[in-house]
Amino acid sequence: MGVFNYDEAFSRNIGWVTESEQQQLRQSRVAIGGLGGVGGVHLLTLARLGIGQFSIADFDVFDIVNFNRQVGAVVSTIGRPKIDVLSDMAREINPEVDLRLFPDGVKIESLDSFLDGVDVYVDGLDFFAFSARRATFSACEKKGIPIVTAAPLGLGVALLAFGPGGMPYEDYFGFNGCDEEEMAIRFLVGLSPAMLQRGYVVDATRVNLTERRGPSSIAACQLCAGVAAVETLKLLLGRGGVKYAPWGSQFDAYRMQYSRTWRPGGYKNPLQRLMRSLVRGQLAKMAQGR
């Protein structure tokens, strides 16, 4: 085996980034909360961009039900901590990578350490991890750390970014005072105002927000990783072009359709209110059919 050389390993990035920008990525730190469906592939994709420092958090272990979408899930990793498996995979890409590990997951008491020195936070938390997400987003906003969240919705990706000068996440989603089911609806509609994923679910009995379950796909997770990686790259290099919420983007590969949305007022926007009403109605029909 040859000796690892950073410049050679990531030389094919040059052209999309300059040599000095590649070194800037090498010195950058990205935090990723959660290493499951999207978090794991986020880490490996960003590592292949040559980003040299990560803070990663996850408390879970791999299970066979993860095989359809999680990059670290194989027979030999069943029962192993996701953070250990993904750390090993990242080091196989870049043996020099600086990893700070938080094996207890995203915890309020360790958020300061988790976000210490971080340039961009990339959200990989489970869709329903509202307490951890709200705490992390709030801490990032206080520290001025941009947030990138790319959600695998349907067979596509919905992208949002939050950062200095943009709309605060609580103003955009409107979580305050909501129960968990309402938070799930507001999060879903906030992530994808265009709701391009509606209409092609072939088995509606597999969707149940109350029971925290729904179908997933590796195709959507990989789309998320590519989109989030480019957004992160632009933020780290100060390239510009990143539009913070209330701007959002969604690409649905099944429909081959792209939509860029702008929802001033966030959850209070009349279109958002209408879409939430439609989603509630659709969920009620699904519940009746179960």
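Q: Where is N13 found, and why is N13 called buried?
A: N13 is found in the loop between α1 (6–9) and α2 (19–26). Buried means under 20% relative accessible area (1.4 Å probe, protein chains only), exposed over 50%, and partly exposed in between. N13 comes out at 17%, so it counts as buried.

A quick note: this is a predicted model, where local features need pLDDT of at least 70, side-chain atom pairs count only at pLDDT 80 or more, and totals for chains, interfaces and linings use all residues. Residues are numbered from 1 along each chain as its sequence is written, and side-chain values use heavy atoms, with hydrogens and water left out.

Q: Why is V75 called exposed?
A: V75 has 65% relative accessibility, so it counts as exposed. You'll find V75 in the loop between β2 (53–57) and α4 (82–93); helices (H or I, at least four residues) and strands (E, at least two) are DSSP runs, numbered from the N terminus.

Q: What makes R239 and E21 a salt bridge?
A: A salt bridge needs a side-chain nitrogen of Lys or Arg within 4 Å of a carboxyl oxygen of Asp or Glu. In R239 and E21 the closest N and O atoms are 2.9 Å apart, and the two form a salt bridge. This pair links distant parts of the chain, 218 residues apart.

Q: Is E21 buried or exposed, and how do you know?
A: E21 has 14% relative accessibility, so it counts as buried. R239, at 40%, is partly exposed.

Q: What makes K82 buried?
A: K82 has a relative accessible area of 5%, so K82 is buried.
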